[in-house]
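Here is a short briefing on one protein chain. Keep the sequence and the 3D view open as you read.

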Amino acid sequence: MIHPSYVELMKVVNDDVVIGEEPVVNSRYSIVCAVAKRARQLIDGSDPMIEDRRAYGRKPLSIAVDELNESRLKILTKDEAMDQQKQLDTVTEQVKEIKARVEDKRSEEQEASEGSSK
């Protein structure tokens with residue numbers, strides 16, 4: 001028997017869903033896809049979201065299942081994912097603007113210091 005079972009994982013994922021709303025996950029397939037995607041991230045070098053001593057020497061898929069079971073891994077609905085992507089895009093644009101301002105300021109300071117040394 002696999003522990004935790006798909007049913008237990010689905011309960012954990014859908015725990016925050018208010019009665020009457022559609023559950024985040026309604027199939028084993030969704031659980032498998034989410035865990036497989038997280039396992040791939042771990043293989044590619046992401047740090048585990050569980051304690052290092054519990055993750056050490058374990059396979060990425062087992063770590064991903066534990067992360068999901070402990071609610072450290074969250075499966076987003078399509079709307080939540082789109083909202084998070086918009087927020088990420090906004091922050092990325094702000095960072096680009098700040099970097100451009102810093103670069104402009106550095107260029108001005110460099111030109112000023114070169115002009116005063118002549």
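A salt bridge here is a side-chain nitrogen of Lys or Arg within 4 Å of a carboxyl oxygen of Asp or Glu. Arg58 and Asp66 meet that rule, with their closest N and O atoms 2.6 Å apart. The model is predicted. The protein chain is helical, with five helices and zero strands.

**Overall build**

- Read along the sequence, the pattern is α-α-α-α-α.
- The C-alpha trace of the protein chain spans about 80 × 40 × 20 Å along its principal axes.
- The radius of gyration of the protein chain is 23 Å, whereas a compact globule of 118 residues would have a value near 13 Å.
- Of the 118 residues in the protein chain, 19% are buried.

**Salt bridges**

- How many salt bridges does the rule give? The count is seven, and three of them are described here, beginning with the pair named above.
- Arg58 is partly exposed, at 32% relative accessibility.
- Its partner in the salt bridge, Asp66, is buried at 14% relative accessible area. Asp66 counts as buried because its value falls under the 20% cut-off.
- Asp44 pairs with Arg40, and the closest N and O atoms of this salt bridge are 3.8 Å apart.
- Asp44 is exposed, with 59% relative accessibility.
- Arg40 has 47% relative accessibility and counts as partly exposed.
- Arg101 and Glu97 also form a salt bridge, at 4.0 Å from N to O.
- Where do Arg101 and Glu97 sit relative to each other in the helix? They are four residues apart in helix α5 (residues 78-117), so about one helical turn separates them.
- Arg101 is exposed, at 55% relative accessibility.
- Glu97 is partly exposed, with a relative accessible area of 44%.

**Negative patch**

- Which residues gather in a patch of negative charge on the surface? They are Glu103, Asp104, Glu108, Glu109, Glu111 and Glu114.
- Glu111, one of these residues, lies in helix α5.
- Is Glu111 buried or exposed? Glu111 is exposed, because its relative accessibility of 57% is over the 50% cut-off.
- Helix α5 also holds Arg101 and Glu97, the salt-bridge pair described above.

- Leu68 belongs to helix α4, which covers residues 60-69.
- Leu68 is buried, with a relative accessible area of 1%. That value is under 20%, which means that Leu68 falls in the buried class.
- How many residues lie between Leu68 and Ser5 in sequence, and what is their C-alpha to C-alpha distance? They are 63 residues apart in sequence and 12 Å apart in space.
- Ser71 sits in the loop between α4 and α5.
- The phi of Ser71 is near 60°, a positive value in a residue other than glycine.
- Most residues other than glycine have a negative phi.

Note on methods:
Residues are numbered from 1 along each chain as its sequence is written. This is a predicted model: local features need pLDDT of at least 70, side-chain atom pairs count only at pLDDT 80 or more; totals for chains, interfaces and linings use all residues. Side-chain values use heavy atoms; hydrogens and water are left out. Buried means under 20% relative accessible area, exposed over 50%, partly exposed in between (1.4 Å probe, protein chains only). Helices (H or I, at least four residues) and strands (E, at least two) are DSSP runs, numbered from the N terminus. Patches are made of residues with over 30% relative accessible area and no salt bridge: like charges are joined within 9 Å, nonpolar side chains (Val, Leu, Ile, Met, Phe, Trp, Tyr) within 5 Å. Accessible areas come from the Shrake-Rupley method with a 1.4 Å probe; for residues, only the protein chains shown count as cover. Lys and Arg count as positive and Asp and Glu as negative; His and the chain ends are not counted. The place of a charge is taken as NZ of Lys, CZ of Arg, CG of Asp or CD of Glu. The radius of gyration is taken over C-alpha atoms; the globule rule is 2.2 Å times the number of residues to the power 0.38.
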